Amino acid sequence: MESIFHEKQEGSLCAQHCLNNLLQGEYFSPVELSSIAHQLDEEERMRMAEGGLTSEDYRTFLQQPSGNMDDSGFFSIQVISNALKVWGLELILFNSPEYQRLRIDPINERSFICNYKEHWFTVRKLGKQWFNLNSLLTGPELISDTYLALFLAQLQQEGYSIFVVKGDLPDCEADQLLQMIRVQQMHRPKLIGEELAQLKEQRVQKTDLERVLEANDGSGMLDEDEEDLQRALALSRQEIDMEDEEADLRRAIQLSMQGTSRNISQDIPQTSGTHLTSEELRKRREAYFEKQQQQQQQDPPGPLTQPCEKPTTSSEALSSELGDAMSEEDMLQAAVTMSLETVRNNFKTEGKK
């Protein structure tokens, strides 16, 4: 495929691209085609002048722009036909009834020139294979022999004028090479406009990404993502704080419920007086729990009864204030409070000493 000459579209010079792709080389330039167009314009002017220089038709002809070329680079079929005459080639209208009556199979021809709305392109056989050499494509498009007739018929339905190129085309490297080998095309070439649109979209996406990275100091993180991250971290810290508080409470309850013989006096100085050790607190708490269970077994279900008089110890006084309706969890919390109160009293007493 690399050996095939394929000019891509520039401006409106499709007629130039069509001729060069047909002849497989840079045979024509815009200057040469413009020269042919001016020559055709002069020949037409001379024919119109034969009717009289003062005639209405001649004055109208002089006022009209050239029908063989324009400023955009478009050239007429007359310009293309005259350019091919230099190489001994002529054009026959493929759509004409005269040619259709010949019933020539398109596969037996060598090349076609197609035109629609001022756009020209070539379909040519190189070696033993057909190629669409449209300058609007990014590269030559392989056309199978079975698809050639359908391809031309489709062009006719779309309004194209198709011309058969008659005569011997100049030799070219691609034709000689493809006589010996056959090529395969895995991907069809795209239109130049489609490729440019894709490249532009890729550049726009790249620019947007670079702008985002710059706005976020290269971190690539959007403001919304940063806010989500901050909210997640805050929730995580709250959960950790709650877990820490619950853990502290569980540890305090566990310490107050321990039934070992180890007392607080091992950690702080032992003092005399009415202060209670952890062992004494444990025994009194057990006695209180046992008494509460016996009371519940003796009293029938009904309104809560008033507790009997008990010695006015610190633990029992606290239980009396809370009432018999205390739950086990409340009792445990009260025990923790008493333990902490005992430790504080010990510290105060030691400080006074």
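I take buried to mean under 20% relative accessible area, exposed over 50%, and partly exposed in between, with a 1.4 Å probe and protein chains only.

**Ground rules.** I am working on a predicted model, where local features need pLDDT of at least 70, side-chain atom pairs count only at pLDDT 80 or more, and totals for chains, interfaces and linings use all residues. Residues are numbered from 1 along each chain as its sequence is written, and side-chain values use heavy atoms, with hydrogens and water left out.

**Entry: the sheet.** I started with the strands. Helices (H or I, at least four residues) and strands (E, at least two) are DSSP runs, numbered from the N terminus. Two strands pair if DSSP finds at least two bridges between them. In what order do the six strands lie in the open sheet? I read E1-E6-E2-E3-E4-E5, with antiparallel pairing. Strand E1 (90–93) and strand E5 (141–143) are the edge strands, each pairing on one side only. Neighbouring strands are turned by 30 degrees against each other on average, direction ignored.

I then looked at one pairing. Strand E2 (residues 111–116) meets E6 in the antiparallel sense over four bridges. Cysteine 114 stands opposite isoleucine 162 in E6.

**Entry: helices across the sheet.** I needed two terms here. Contact means heavy atoms within 4.5 Å. Axes are lines fitted to C-alpha atoms, for helices over the stretch in contact, and angles run from 0 to 180 degrees between N-to-C directions. Helix H1 (residues 14–23) lies across E2, E3 and E6, and runs at about 5 degrees to E3. H6 lies across E2, E3, strand E4 (129–132), E5 and E6, and runs at about 110 degrees to E5.

**Entry: aromatic pairs.** Rings of Phe, Tyr and Trp (its six-membered ring) pair if their centres lie within 6.5 Å; planes under 30 degrees apart count as stacked, over 60 as edge-to-face and the rest as tilted. I found eight aromatic pairs in the structure. Tryptophan 120 and phenylalanine 163 form a tilted one, 6.4 Å centre to centre with 35 degrees between the planes. Tryptophan 120 sits in strand E3 (residues 119–126) and phenylalanine 163 in strand E6 (residues 161–166), so the pair ties together parts 43 residues apart in sequence. Are these two residues buried or exposed? Both tryptophan 120 and phenylalanine 163 are buried.

Tyrosine 147 and phenylalanine 151 also make a tilted pair, at 6.0 Å and 45 degrees. Both lie in helix H6 (residues 145–157), four residues apart, about one turn of the helix. Tyrosine 147 is partly exposed at 32% relative accessibility. Phenylalanine 151 is buried at 10%.

Last, I noted a cluster: ring pairs link Phe94, Tyr99, Phe112 and Trp130.
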